[in-house]
Amino acid sequence: MLPLKAWLVAVTEPVVVIIDAMALVLIALATVVVFVQALRLTLRGHLTNVERRDLWLGYGRWLVAGLTMQLSADIIESSIYTSWDAIGQLAAIAVIRTFLNYFLERDIADVRERQHATRPAPPL
């Protein structure tokens, strides 16, 4: 029987790789979908600011989801690190991803607020 630490490493490493792969697929597919949608709207000839904002708002949501998944993989990965160098590298990556996630979510909220402010009130 494997010692507990060896078992933890054996289970954690593939889980982290799988979560990172899922995040990669999610971000890559979202990028392709947004690219195709933007190309289609541009070729149509009259891309409005509302359509452009909706497109980027949806893309931002997918990026937040991908970053969150990557951050979760980092958190899981931290359970098997034993050296301070490895923990420091992970911490730096996690901080960068957290800041990206924070600012992306903030931008999404700002765009959403502007959209709600510019929409006309429904008729009574």
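A residue counts as buried when its relative accessible area is under 20%, and the legends below apply this cut-off to a predicted model.

View 1. The side chains of arginine 97 and aspartate 74 are joined by a polar contact of 2.7 Å. Apart from neighbours within four places in sequence, arginine 97 is in contact with Leu67, Gln70, Leu71 and Asp74. Asp74, the partner in the polar contact, is therefore also one of the residues in this contact list.

**View 2. Packing of helix α1 against helix α2.** Two packed helices are described by the angle between their axes and the distance between the axes. Here α1 (residues 4-44) packs with α2 (residues 49-77) at an angle of about 170°, and the axes are 9 Å apart. Angles over 145 degrees count as roughly antiparallel, so α1 is roughly antiparallel to α2. The residues of this contact comprise 21 nonpolar, six polar and four charged.

**View 3. Threonine 12 in helix α1.** Threonine 12 belongs to helix α1, which covers residues 4-44. The relative accessible area of threonine 12 is 5%, and the residue is therefore buried. From the threonine 12 side chain to the backbone oxygen of leucine 8 the distance is 2.6 Å. With neighbours within four places in sequence left aside, the contacts of threonine 12 are Ile76, Glu77, Ser79 and Ile80.

**View 4. Leucine 8 in helix α1.** Leucine 8, whose backbone oxygen is reached by the side chain of threonine 12, also lies in helix α1. With a relative accessible area of 28%, leucine 8 is partly exposed, whereas threonine 12 is buried. Beyond its neighbours within four places in sequence, leucine 8 is in contact with Ser79 and Ile80. Ser79 and Ile80 are also among the contacts of threonine 12. For scale, leucine 8 and leucine 71 are 63 residues apart along the chain, and their C-alpha atoms are separated by 19 Å.

**View 5. Serine 78 in the loop between α2 and α3.** Serine 78 is placed in the loop that lies between α2 and α3. Its relative accessibility is 35%, so serine 78 counts as partly exposed. A polar atom of the serine 78 side chain lies 2.6 Å from the backbone oxygen of isoleucine 75. From serine 78 to alanine 30, 48 residues away along the chain, the C-alpha atoms are 28 Å apart.

View 6. Across the whole structure, a search finds three aromatic pairs. One of these joins phenylalanine 99 and phenylalanine 103, with 6.2 Å from centre to centre and 20° between the planes. Planes under 30 degrees apart count as stacked, so this pair is stacked. Both phenylalanine 99 and phenylalanine 103 lie in helix α3 (residues 84-118), and they are four residues apart, about one turn of the helix. Phenylalanine 103 has a relative accessibility of 36% and is therefore partly exposed. Phe99, Tyr102 and Phe103 are linked into a cluster by ring pairs.

**View 7. Valine 95 and alanine 109, two further residues of helix α3.** Valine 95 has its place in helix α3, and alanine 109 is found in helix α3 as well. The relative accessible area of valine 95 is 42%, which makes valine 95 partly exposed. Alanine 109, at 26% relative accessibility, also counts as partly exposed. For alanine 109 and leucine 57, 52 residues apart in sequence, the C-alpha to C-alpha distance is 9.1 Å.

Technical notes:
Residues numbered from 1 in each chain as written. Predicted model: local features only at pLDDT ≥ 70, side-chain atom pairs only at ≥ 80, totals over all residues. Heavy atoms only, no water. Phe/Tyr/Trp six-rings, centres within 6.5 Å; stacked < 30°, edge-to-face > 60°. Helix = DSSP H or I, 4+ residues; strand = E, 2+ residues; numbered from the N terminus. Buried < 20%, exposed > 50% of the residue type's maximum accessible area, 1.4 Å probe, protein only. Polar contact = N/O pair within 3.5 Å; in protein donor to acceptor, adjacent residues only side chain to side chain. Contact = heavy atoms within 4.5 Å. Axes fitted to C-alpha atoms, helices over the stretch in contact; angles between N-to-C directions. Parallel < 35°, antiparallel > 145°, perpendicular 65-115°, else oblique. Nonpolar A, V, L, I, M, F, W, Y, C, P; charged D, E, K, R; others polar.
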